[in-house]
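Try each task first, then follow the solution step by step.

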Amino acid sequence: MSGGVEVNGEPESSDSMKTFGAFVQGLREHAGLSREEFGGRVHMSKHSVASIELGRRLADQGFVDAAEGVLGNTGALRKAFERVARQPGFAVWFRKWAALEQEAVSLATYECRLVPGLLQSEPYARVVFGNRIPPLSDEEVEVQTAARMERQHMLRQRPNTSFSFVMDEHIVRRRLGGAEVARAQLGHMLECAQLRNVEVQIMPMESEVHAGLGGPLALLETPDGRHLAYSEGQQTGQLIADPKDAAILHRRYATLRSQALSPTESVSLLECIRGEL
């Protein structure tokens, strides 16, 4: 997708991100800090630090401010980040959403196209990126897959954040990548569904009602109680911050959850589909 964003919200890597990451790494190593030590001081896991340093993840202003405090307050990081943030590949709405997502107390996703990125197994994600048109290089596929896997750490690293997913049944029945990949994907999703802070629901194909016909959407609630939304389509993406518009989408999602199978019923269906493969 344009705007520097892949389906399900990962930014495309770029030379500017890699350069900024290398700059962060150089300053960190000069300060004599390991990734784990540095991560502890900027309130980030060593995996997230690695993703920024390798150019797989777009840093946000909060990281830059914290890193400046750890690395001497020279202002060099802020100046370098300004150049990255001005890159045309990173739309303002995505930078805002990515930052909000890191602080959200709840995240919700409805999908009608493919398994949400936070629930994708590594083989499935690799197939998704391998189906891109125009094609990605092997290296680009691996970079995007690694970024998606790194992003999934939030499911386990943030046990106090609620994650809700609703997806159409045809998504989990599609054998994208073949039966083996599909079976592994179902197993991965079932593992995620066992986490106390994760709910997975399936909208059955035989349902005669469907509140999500307007397309995929992502929702979040901020620590101060604001409700925001994000809508994504081919070559487009939009952060929806207007309270009235966001409220409509949150109501739609609430209706979707009531129309979908319960989490327990959904797990049973996923197990049944996996058994058929």
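**Exercise 1.** Find which residues Met167 touches, not counting residues up to four places away in sequence.

*Solution.* Start with the cut-off: contact means heavy atoms within 4.5 Å. With that rule, Met167 touches Glu111, Pro116, Leu119, Val172 and Met189, and also Val200, Gln201, Ile202 and Met203.

Before going on, a word on the source: this is a predicted model, in which local features need pLDDT of at least 70 and side-chain atom pairs count only at pLDDT 80 or more, while totals for chains, interfaces and linings use all residues. Residues are numbered from 1 along each chain as its sequence is written, and side-chain values use heavy atoms, with hydrogens and water left out.

**Exercise 2.** Work out how many residues the largest nonpolar core has, and which have the most contacts inside it.

*Solution.* First, the terms. A nonpolar core is a set of buried Ala, Val, Leu, Ile, Met, Phe, Trp, Tyr and Cys residues joined through side-chain atoms within 4.5 Å. Buried means under 20% relative accessible area, exposed over 50%, and partly exposed in between (1.4 Å probe, protein chains only). Next, the count: the largest core holds 36 residues, and Leu119, Phe165, Met167 and Val200 have the most contacts inside it. Helix H11 gives the most to this core, namely six residues. Finally, another core of 16 residues lies apart from it, including Val42 and Phe81.

**Exercise 3.** Which residue forms a salt bridge with Glu53, and which parts does the pair tie together?

*Solution.* A salt bridge is a side-chain nitrogen of Lys or Arg within 4 Å of a carboxyl oxygen of Asp or Glu. The partner is Arg35, with the closest N and O atoms 2.7 Å apart. Glu53 lies in helix H3 (residues 46-53) and Arg35 in helix H2 (residues 35-41), so the pair ties together parts 18 residues apart in sequence. To finish, Arg28, Glu29, Arg35 and Glu53 are linked in a network of salt bridges.

Conventions:
Helix = DSSP H or I, 4+ residues; strand = E, 2+ residues; numbered from the N terminus.
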